[in-house]
Each structure stands twice: as structure tokens, then as C-alpha cells.
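Morning, everyone. I have one structure to walk you through today. Please look at the screen.

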Amino acid sequence: MIEQLLNWDSSLFLYLNSFHTDFLDNFFWIVTQTKTWIPLYITFIFFIIKTKKQEAAWILLGLILTVVIADQVASSILKELVGRFRPSRDPALSGLVHIVNNYTGGKFGFVSSHAANSFAFALFSSLIIKNRMYAFVIFLWAFINAYSRIYLGVHYPLDIIGGIMVGFIAVWIVYALLKRYQPVIFKSNKYKPKLSQRIWNSEKLILFIVALSFLTIFVFILLQKYVLQ
């Protein structure tokens, strides 16, 4: 049963990894870089400090703890415990995997740290901000970020699914702790901008930064493709 599941996983990976172009190579290479999303993280911190002044320290501490749990369980525990080769390093798939910029990642891939961290951030921040549009955009961001790992050839789909589960469990643990000891954090956000007539309140600013980050990626790709070469 497990062997059959792994075979299906490998087949699905090869199918998804086979769809590649020069444009997508550049796009997903930039998407997968942590530094690409620094504006998003800074904006979230700004939003929390501005709208949750009393609880900001606890929220940011909770976010850090969530990401640390997700990252360490994925990277330091499960990868070594399970010991499943990344597709980019799997001898059985030699010559079949599309790899970008010769990037192959570490030896083992189950579970994906990118997926664990991205979905942990998406779920935790959604519980704090309580905005449907933000939740939609941030989970779309998490999905694209996680999918980039399949595109780059360094994770199987099951690695991604496992990473998502680890991220959600990490959020559940921290959420339970904060809900018990700091329940005010998860009450409805009653923040009102001082100038309600302004177009950009803090929630829209976060959406704007996410959109701007993606626009920056496309501009960078176009410059690299048509100007810098």
C-alpha cells in the first residue's frame, strides 16, 4: 500500500514537474527565495503593532514560535527520521527531473519546510487579521510558494502535503496556548483608522504589498530576460 502510494506520488511529481518554461523557471526561482517576501513580513509586523498594540508582543512571539516549531519538526526531525530522497537526488529519477540553476537542495525531502512555514504563517496570520480577502490572498501565496518546490524538482507532492500538515499542527499548538493564556488576541479586530476616508487602511496595505511583491518578480524576470542578457 505504501509502495503504491509512493509510486503514485512519483508519477504525479513527474507530471507536474514536466511543465516548465524559461519564464516559469525565473518566476518560481524568485518565488521560492525567502528574501523575496521580506516586504510582506515587515508589513504584517507593522499591521500587528498598529492594530494590536496591547497584544503585539504576544502575537509576534506566537508567530515566531509557530514558524520555529514548523521549521524544526520538518527540517531537524522528520527529514532525518523518514530519510526519503528528494526527487532531485533520487537515483530512481536520475535524468527525469527538471532542475533550475543546478539547485538540488539537501539530501532528504519529507517533509517540505517551505510548505510547513508558508502555511503556518498563512493560517496564523489569518486567525489574527480575520479578513476573508486577506485569507484568500495569503493562502494563495502559500500554495504558490509550496508548489515552487515541486516545480524546482526538490519536493514530491506528498512532501508538500506533509509540510502543510506540520504547519497546521504548529499553529494549533500555539493557538491553543495563546487562546488559554491570552484569549484577547483572537477577539474581533475593532481597529478603525483615524482617517477612515483614506483609501489604504492597514488591511489593504498588506494586500497591496503582496501584489507589489508579485509585480516586482515579473519586472525582475522581464529585465533579466530582455535587458540584462
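Start with D9 and R84: their side chains meet in a salt bridge, 2.8 Å from N to O. By salt bridge I mean a side-chain nitrogen of Lys or Arg within 4 Å of a carboxyl oxygen of Asp or Glu. D9 sits in helix 1, residues 2-17, and R84 in the loop between helix 4 and helix 5, so the pair ties together parts that are 75 residues apart in sequence. Helices here are DSSP runs of H or I, at least four residues long, numbered from the N terminus.

A word on the source. This is a predicted model, where local features need pLDDT of at least 70 and side-chain atom pairs count only at pLDDT 80 or more, while totals for chains, interfaces and linings use all residues. Residues are numbered from 1 along each chain as its sequence is written, and side-chain values use heavy atoms, with hydrogens and water left out.

Back to R84. Which residue meets R84 in a salt bridge of 3.6 Å? That is D159, again counted N to O between side chains. This pair also links distant parts of the chain: D159 belongs to helix 7, 75 residues from R84 in its loop. Together, D9, R84 and D159 are linked in a network of salt bridges. The structure holds two salt bridges.

Are D9 and R84 buried or exposed? Both are buried. Buried means under 20% relative accessible area, exposed means over 50%, and partly exposed is in between, with a 1.4 Å probe and protein chains only. R84 counts as buried because its relative accessibility is 15%. D159 is buried as well, because its relative accessible area is 0%.

Next, the core. In soluble globular proteins, nonpolar side chains tend to be buried together. Here the largest nonpolar core has 50 residues. Such a core is a set of buried Ala, Val, Leu, Ile, Met, Phe, Trp, Tyr and Cys residues, joined through side-chain atoms within 4.5 Å. Among the residues with the most contacts inside this core are F44, F121 and W141.

Now the surface. L65, I169, W172, I173, L177 and Y181 form a nonpolar patch there. Patch members have over 30% relative accessible area and no salt bridge; nonpolar side chains (Val, Leu, Ile, Met, Phe, Trp, Tyr) are joined within 5 Å, like charges within 9 Å. Together these residues have about 640 Å² of accessible area, by the Shrake-Rupley method with a 1.4 Å probe, where only the protein chains shown count as cover. Helix 7 gives the largest share, five residues. W172 is in helix 7, and W172 counts as exposed because its relative accessibility is 61%.

Last, the backbone. Most residues other than glycine have a negative phi, and most peptide bonds are trans. N101 has a positive phi of about 55° although it is not a glycine. N102 has one too, about 60°. N101 lies in the loop between helix 4 and helix 5, and N102 is found in the loop between helix 4 and helix 5. N102 counts as exposed because its relative accessibility is 75%. The peptide bond from F110 to V111 is cis, with omega near 10°. V111 is in the loop between helix 4 and helix 5.

Definitions and conventions:
Helices (H or I, at least four residues) and strands (E, at least two) are DSSP runs, numbered from the N terminus.
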